[in-house]
Amino acid sequence: MATLNPQPANKPVPTPLWAVLVLTFLGSLGTGAITNGFSFIATEGLGYTRSMNLLLALVLGLSYIGGALASGPLVAHLSKRSTRLSPRGLLVVVVCLIALACQLPLLAQRLAPELLALSLWALIIIFSPMTGILWPIVEAYLSGGRREKALRTALGQFNVIWAGALVLSFWGMAPLLAEHPFVILSVLGGFQLLMLALLRWFTPYPPRHLDLDHAPPPEVYRRLLIIFRVLLIASYIVLSALSPLLPIVENKLNIPVHWMTPLASVWLTSRVFMFLLFERWHGWHGRWWTPWTGMALMLIGFALCMGSPMAPSVGVALLITGLAITGMGIAITYYGALYYAMSVGNSEVDAGGKHEAMIGVGYTLGPVCGLGGIGLSGGSDDAFRFWVIVLISIAVLVSTLVGWRLLRRSRAREIPLSVTPH
């Protein structure tokens, strides 16, 4: 891979946006689909129940945090050792590891069936931290050398592309889910290798977008980032509890297997439309109603999804409605958290790692709430759904209170929020 000449600090040259977006699309077909759809594969391929799905989700969340937090220090350490070990070079290694890990369950199924369950756990343990490293680097290339309108446009298109890829992958999984669930993982892993061809257009290092000659962001952006950061955790608490439980809910509603992932894609689709709205309409910037609206939509939507089996006659309609509302709330919190993190900071990998680590915390706390619901329910399905709604709501509200306390403390001390440059 040819090394590009470094650009002067005052003339940062960003990686072409189309190259970042195509790579994002291919990466999301695999990494996003597995992160959000592994429970369908585990349920159909291994007969996993809600407790096993939640345990698998817990491992995914913990390992994702490790990868995300390690991304910035890892890039810094490798770059000091050799110019070949640039962020672009690290992307090559990470993509290859993800692609190889995705082949493990299919290989085990054909060569050593007794190791099939173990191979799925091994996939998650390798896959999750690698994706935690992958996306902060991609986000650094996305924002590097871009600011203000160019950054808003890039972020908007980025969100629509990766979210849209998930919708396509969930529909593509449907025909294989019942009979060949582990083929899905192998195919999705293959998409990762196509990403390597795009790296020739990536600069070895993403330029810093704050090197551009623009005014600093408004102070309200720093304060909104505090709230959105904790609500980002809250949104992934909701999502990481919903994802492993959704196949169980759909089984309760007698949804045919070949319709399970297309129906689950409702929340993914509504998220895409909300991303499109926020990318085109910029009236939400700097507005305090956006985080509270996102939180309310998440809680209402999650409650409808979990409660849908309690009303069998209208259960499917309630589930679809709940999924759509949940997707809207998650879109608002994700978009806001990423936008303000990019606007306040600079274009280094470490802040993208913090953004992704917040997601990992949510990925971890959601399954903990789900497992707590199992413990409190005494084996009753209705009691479980009640308790998981209560625990998730408490976790989201506590996150919000923590954010509000941090916001008041920053105002009282008149200390601006410290954000690692991204």
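Asp 382 and Arg 385 sit three residues apart in helix H13, so about one helical turn separates them. Helices here are DSSP runs (H or I, at least four residues), numbered from the N terminus. This is a predicted model, in which local features need pLDDT of at least 70, side-chain atom pairs count only at pLDDT 80 or more, and totals for chains, interfaces and linings use all residues. Residues are numbered from 1 along each chain as its sequence is written, and side-chain values use heavy atoms, without hydrogens and water.

**Salt bridges**
- A salt bridge is a side-chain nitrogen of Lys or Arg within 4 Å of a carboxyl oxygen of Asp or Glu, and by this rule there are four.
- Asp 382 and Arg 385 form one at 2.8 Å, N to O.
- Lys 252 and Asp 381 form another at 2.4 Å, N to O.
- Lys 252 belongs to helix H8 (residues 219–252) and Asp 381 to helix H13, so this pair ties together parts that are 129 residues apart in sequence.

**Accessibility of the partners**
- Buried means under 20% relative accessible area, exposed over 50%, and partly exposed in between (1.4 Å probe, protein chains only).
- Arg 385 is buried at 7%, whereas Asp 382 is partly exposed at 45%.
- Lys 252 is partly exposed at 42%, and Asp 381 is partly exposed at 24%.

**Ser 186**
- Ser 186 is in helix H7 (residues 181–194) and is buried, with a relative accessible area of 17%.
- Its side chain makes a polar contact with the side chain of Gln 103 at 2.5 Å; such a contact is a pair of N or O atoms within 3.5 Å, and within protein one must be able to donate a hydrogen and the other to accept it, while residues adjacent in sequence count only if both atoms are side-chain atoms.

Definitions and conventions
Helix = DSSP H or I, 4+ residues; strand = E, 2+ residues; numbered from the N terminus.
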